[in-house]
Amino acid sequence: METVGNVVKRKPLHWQIASQIRERISNGDYDADELPRELSLVEEFAVSRHTIRSALQHLVNEGLIERRAGAGTWVTDRARSGIWAVGALGDLIGEFTPDQFLTISASDQPARRFEAAADMLKLDKSDTLFHVLRVLTQNNQPYAMANVYCRSEHAAAVPAELMGAERLILLLERYAKVRPTRARQTASAMAADVAAARQLGIDPGSPVLVLKRTYFDANGGVILHTDVLCRPDRYEQVVDFVHEPSGARTDDQ
């Protein structure tokens, strides 16, 4: 939980659980580097199996654990190597639960409408891409607007009733069978255009924080790209760097 101004922002349960497990991994709390079974974690944290799986997926995405069907969940060599690193990809721009965003539109669109995204996805102007427009909210007040882009054929693999139920990158990984291996985020600032100003409830030309996150597969191909435009008076970016200790390293990185 964190406080921004007078607003208390609660982290989703799966994020909180992932943070606790991440700390245990850092402290070397698991015997033989094997995590407890899912049902044991469900019982310990008193949450659903879906919540536990979402929490563990964060750690898989970070490269801290490896999951093998029927064999269990194991701490990776990377997690034992001793580095300074961002605690989670979600720490960069926060994790958003379905009740924190309003989906304005989600549909296939001509690639020529979004040239920058089409170039990243290596699409021709005559192709289509899948575009999602969302407004992120806190206490029913808009604080960011997100444009999300991916390939149309990948989005088509996601059941329509699940679109918007959780982050699109997780749905693509589950149903389109595309696996992100890394993500890059950049931050900048710009003046809000008319469309962004209308969604965020600000005047055109007002300054906004721009966060661009791109997910890549193992071959360097772009799976998904997101542009998030944030109101600086309602959004605070906090990044935690977690120390994963190693006996072989004594220098500060």
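Modeller: A strand is a DSSP run of type E with at least two residues, a helix is a run of type H or I with at least four, and both are numbered from the N terminus. In this sense Gln 138 belongs to strand β7, which covers residues 128-138. Please bear in mind throughout that the model is predicted. The protein chain contains nine helices and twelve strands, and 46% of its 253 residues count as buried.

Let us turn to the rings. A pair of aromatic rings is described by two values, the distance of the centres and the angle of the planes. How many aromatic pairs does the structure hold? There are two. In one of them, Phe 114 and Tyr 149 are placed 5.2 Å centre to centre, with 55° between the planes, and this pair is tilted. Phe 114 is in the loop between β6 (101-110) and α6 (115-120), while Tyr 149 is in strand β8 (residues 141-151), so the pair ties together parts of the chain that are 35 residues apart in sequence. Are these two residues buried or exposed? A residue counts as buried when its relative accessible area is under 20%. Phe 114 has a relative accessibility of 13% and therefore counts as buried; Tyr 149, at 7%, is buried as well.

The other pair joins Tyr 143 and Tyr 235. Their ring centres are 6.0 Å apart and their planes lie at 5°, so this pair is stacked. Here, too, distant parts of the chain are linked: Tyr 143 is in strand β8, whereas Tyr 235 is in the loop between β11 (222-230) and β12 (241-243), 92 residues apart. Both Tyr 143 and Tyr 235 are buried.

The links across the chain may be set beside a value for the chain as a whole. Among contacts between residues at least 6 apart in sequence, 60% join residues at least 24 apart. Gln 138 counts as buried, because its relative accessibility is 16%.

Leaving aside neighbours within four places in sequence, Thr 76 is in contact with Gly 63, Leu 64, Ile 65 and Glu 66.

Finally, a word on cysteines. A disulfide is a covalent bond between the sulfur atoms of two cysteines. This structure holds zero disulfides. Cys 150 is buried at 0% relative accessibility, and Cys 230 is buried with a relative accessible area of 1%.

Methods
Residues are numbered from 1 along each chain as its sequence is written. This is a predicted model: local features need pLDDT of at least 70, side-chain atom pairs count only at pLDDT 80 or more; totals for chains, interfaces and linings use all residues. Side-chain values use heavy atoms; hydrogens and water are left out. Rings of Phe, Tyr and Trp (its six-membered ring) pair if their centres lie within 6.5 Å; planes under 30 degrees apart count as stacked, over 60 as edge-to-face and the rest as tilted. Buried means under 20% relative accessible area, exposed over 50%, partly exposed in between (1.4 Å probe, protein chains only). A disulfide is a pair of cysteine sulfur atoms within 2.5 Å. Contact means heavy atoms within 4.5 Å.
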